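Please read it beside the sequence and the coordinates.

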Amino acid sequence: MDSLLIAADTALRTLFAAPQAHERTPAHGIAEGTLAPAQKQLSGALMRVNHVGEVCAQALYTGQATVTQDPQLRDHLLAAAREETDHLAWTRQRLDALGARPSVLNPLWFAGAFVLGVVAAKVSDRASLGFVAETEDQVAAHLRGHLARLPEQDAASRAVVARMKEDEERHAAQARTAGALELPRPARAAMRAAAKVMTTTAHYL
């Protein structure tokens, strides 16, 4: 029951409350660059995609923590979710600064990621950690692509994305250290395909 209440609370806070970061945004002190309308639109779309990724991270970690029977792993997953809350807040701040909006499909993204987290955790704790490691690897690669696309003038967004990439790489390494099972190639390919649908849709919606 406690796990279900935590999951419900996380969903409500993620989707409907203003996220509160524990650490100051990497964009702090960086002046807003002068962006052409097309550049501002691009930055806003990319940060909307990144915000969706953080909504999904909250759902994924919470879903896994709800199912696992290992108290130590549950604490690890919930701690990771709290750290991802910083990313959620930072990306929302960038959306506001760029005059862009979050994805209107965030409830759908949250629900889908939560179910995936539950399914992965039901297989085994090692499979659950393997899902985390693969997800974080794919997110880090995705963020590297965004660094190549974000306008140079948007230094604030670039600082946020660079820091997020470092954190996601660390999360993947931590999952492997904890005993993550390497996922089979078809599973990794399916995850990439699902992520492609999500990122493409969130770019516009």
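## Helix 3 against helix 5

The axes of helix 3 (residues 71-98) and helix 5 (residues 125-149) come within 12 Å and cross at roughly 20 degrees, where axes are lines fitted to C-alpha atoms, for helices over the stretch in contact, and angles run from 0 to 180 degrees between N-to-C directions. That makes helix 3 roughly parallel to helix 5, given that angles under 35 degrees count as roughly parallel, over 145 as roughly antiparallel, 65 to 115 as roughly perpendicular and the rest as oblique. Helices here are DSSP runs (H or I, at least four residues), numbered from the N terminus.

This is a predicted model, in which local features need pLDDT of at least 70 and side-chain atom pairs count only at pLDDT 80 or more, while totals for chains, interfaces and linings use all residues. Residues are numbered from 1 along each chain as its sequence is written, and side-chain values use heavy atoms, with hydrogens and water left out.

The residues that meet are L73, H76, L77 and E84 in helix 3 and D125, L129, V132 and E136 in helix 5, with contact meaning heavy atoms within 4.5 Å. By class, this contact of helix 3 with helix 5 has four nonpolar, one polar and three charged residues; Ala, Val, Leu, Ile, Met, Phe, Trp, Tyr, Cys and Pro count as nonpolar, Asp, Glu, Lys and Arg as charged, and the others, Gly among them, as polar.

## Helix 3 against helix 6

Helix 3 and helix 6 pack with their axes 11 Å apart, at an angle of about 165 degrees. That makes helix 3 roughly antiparallel to helix 6. The contact draws on H76, E83, E84, H87, W90, T91, R94 and L98 of helix 3, and on A156, S157, V160, R163, M164, D167, E168, R170, H171 and Q174 of helix 6. Its residues divide into five nonpolar, six polar and seven charged.

Also placed in helix 6 is R158, which, leaving aside its neighbours within four places in sequence, is in contact with L147, L150, P151 and E152.

## Helix 2 against helix 5

Helix 2 and helix 5 pack at about 170 degrees, their axes being 12 Å apart, and the two helices are therefore roughly antiparallel to each other. In helix 2, L42, L46, V49, N50, L60, Y61 and Q64 meet S128, F131, V132, T135, E136, H142, L143, H146 and R149 in helix 5. The residues of this contact divide into eight nonpolar, six polar and two charged.

The largest pocket has a volume of about 950 Å³. Of the 39 residues that line the largest pocket, L116, F131, T135, M191 and A195 are the closest to its centre. On a 1 Å grid over the protein atoms alone, a pocket is an open set of points where a 1.4 Å probe fits, with protein on both sides within 12 Å along at least five of seven lines, and lining residues have an atom within 4 Å of a point. Helix 5 gives the most to this lining, with 10 residues, and by class the lining has 26 nonpolar, seven polar and six charged residues.

The second largest pocket has a volume of about 210 Å³, a volume being the space filled by probe spheres set on grid points, which are joined across faces, edges and corners. Its lining consists of L46, V49, A141, H142, G145, H146, R149, K196, T199, T200, H203 and Y204, and helix 2, helix 5 and helix 7 are the elements that give two or more residues to it. By class, this lining has four nonpolar, six polar and two charged residues.
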